[in-house]
Amino acid sequence: MARSQEATIPDAERPGASEQLWSVFEFARRYRLAKREENRLLMLFGPTASLHVLLANAQRHSLIS
């Protein structure tokens with residue numbers, strides 16, 4: 001039986017959620033951010049950033065007033 005490559009990587013070398021690089025475009029789509037907020041994140045971090053940084057800096061405006 002073949003083992004996956006991921007199973008052979010030690011836990012210490014696996015990237016955690018905070019180290020995963022995400023596309024700002026994909027993050028904005030998944031979290032339904034406004035285009036203006038997507039552009040703000042792009043200006044701050046460029047096309048990719050860690051998930052932790054994106055979650056900490058993204059701002060969603062309420063749809064209900």
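This is a predicted model: local features need pLDDT of at least 70, side-chain atom pairs count only at pLDDT 80 or more; totals for chains, interfaces and linings use all residues.
## Overall layout

Residues are numbered from 1 along each chain as its sequence is written, and side-chain values use heavy atoms, with hydrogens and water left out.

## Surface and contacts

The protein chain has 65 residues, and 20% of them count as buried. Buried means under 20% relative accessible area, exposed over 50%, and partly exposed in between (1.4 Å probe, protein chains only).

A contact means heavy atoms within 4.5 Å. Take the contacts with a separation of 6 or more: 53% of them join residues 24 or more positions apart.

## The nonpolar core

A nonpolar core is a set of buried Ala, Val, Leu, Ile, Met, Phe, Trp, Tyr and Cys residues, joined through side-chain atoms within 4.5 Å. The largest one here has 9 residues: Trp22, Val24, Phe27, Ala28, Leu33, Leu41, Ala49, Leu51 and Leu54. Helices α1 and α3 each supply at least two residues of this core. The most comes from α1, with 3 residues.

Look at Ala49, one of the core residues. Setting aside neighbours within four places in sequence, Ala49 is in contact with Gln20, Leu21, Trp22 and Leu54.

Helix α2 spans residues 35-45, and its buried residues are Glu37, Glu38 and Leu41. Seen down the axis of α2, they fall within an arc of 105°, so they line one face of the helix. The arc is taken from the directions from the helix axis to the C-beta atoms. An α-helix has 3.6 residues a turn, so residues three or four places apart point the same way.

The cover over the buried residues of α2 includes α1 (24-30) and α3 (51-57). Turned away from the buried side are the exposed residues Lys35, Arg36 and Met43. Just after α2, Gly46 takes a positive phi of about 85°.

## Glu37 close up

Is Glu37 buried or exposed? Glu37 counts as buried because its relative accessibility is 6%. Leaving out residues up to four places away in sequence, Glu37 touches Asn57, Ala58 and Gln59. Glu37 and Gln59 are 22 residues apart in sequence, yet 7.0 Å apart in space, C-alpha to C-alpha.

Glu37 also makes polar contacts. A polar contact is a pair of N or O atoms within 3.5 Å; within protein, one must be able to donate a hydrogen and the other to accept it, and residues adjacent in sequence count only if both atoms are side-chain atoms. One of 2.8 Å joins the side chains of Glu37 and Arg40. In another, a polar atom of the Glu37 side chain lies 3.0 Å from the backbone nitrogen of Gln59.

Notes
Helices (H or I, at least four residues) and strands (E, at least two) are DSSP runs, numbered from the N terminus.
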